[in-house]
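Let's take a look at a protein chain together. Here is the structure, followed by a short tour of what can be read from it.

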Amino acid sequence: MDNNIQNLIDNIKKCNLSDADKQLLLEKLENENPDINGFLDTFFKICKVSSTIIELFDIDIGNLF
């Protein structure tokens, strides 16, 4: 799993998100114990995924929207 997280970190660094958004995501992953739930919460906020889509995939991220 560590290799997958490192690949994700590398891809985030190369993507076209703003530097601020990249930093928010990287803060969740670049620790000894990556905060996957925090990463997903932040990712969904950045992408502004609608609650309908989240419900379709049965993802419980609380009252973010």
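## A salt bridge

Keep in mind that this is a predicted model. It contains 1 salt bridge. The partners are Glu30 and Lys13, and their closest N and O atoms sit 3.4 Å apart. Glu30 is in the loop between α2 (19-29) and α3 (36-47), while Lys13 belongs to helix α1 (residues 2-14), so the pair ties together parts that are 17 residues apart in sequence.

Why can such a pair form at all? Side chains of opposite charge can pair when their charged atoms come close. As for how open the two partners are, Glu30 has 41% relative accessibility, so it counts as partly exposed. Lys13 comes out at 45%, so Lys13 counts as partly exposed too.

## The nonpolar core

Now for the inside. The largest nonpolar core has 8 residues: Ile5, Ile9, Ile12, Leu25, Leu26, Leu29, Phe39 and Ile46.

Which residues does Phe39 touch, if we skip its neighbours within four places in sequence? Phe39 is in contact with Leu8, Ile12, Leu25, Lys28 and Leu29.

## The whole chain

Zooming out, the chain has 4 helices and 0 strands, which gives the pattern α-α-α-α along the sequence. Of its 65 residues, 23% are buried.

Take the contacts with a separation of 6 or more: 18% of them involve residues 24 or more positions apart. Finally, the accessible surface of the chain is about 5000 Å², and carbon and sulfur atoms account for 48% of that.

Methods: Residues are numbered from 1 along each chain as its sequence is written. This is a predicted model: local features need pLDDT of at least 70, side-chain atom pairs count only at pLDDT 80 or more; totals for chains, interfaces and linings use all residues. Side-chain values use heavy atoms; hydrogens and water are left out. A salt bridge is a side-chain nitrogen of Lys or Arg within 4 Å of a carboxyl oxygen of Asp or Glu. Helices (H or I, at least four residues) and strands (E, at least two) are DSSP runs, numbered from the N terminus. Buried means under 20% relative accessible area, exposed over 50%, partly exposed in between (1.4 Å probe, protein chains only). A nonpolar core is a set of buried Ala, Val, Leu, Ile, Met, Phe, Trp, Tyr and Cys residues joined through side-chain atoms within 4.5 Å. Contact means heavy atoms within 4.5 Å. Accessible areas come from the Shrake-Rupley method with a 1.4 Å probe; for residues, only the protein chains shown count as cover.
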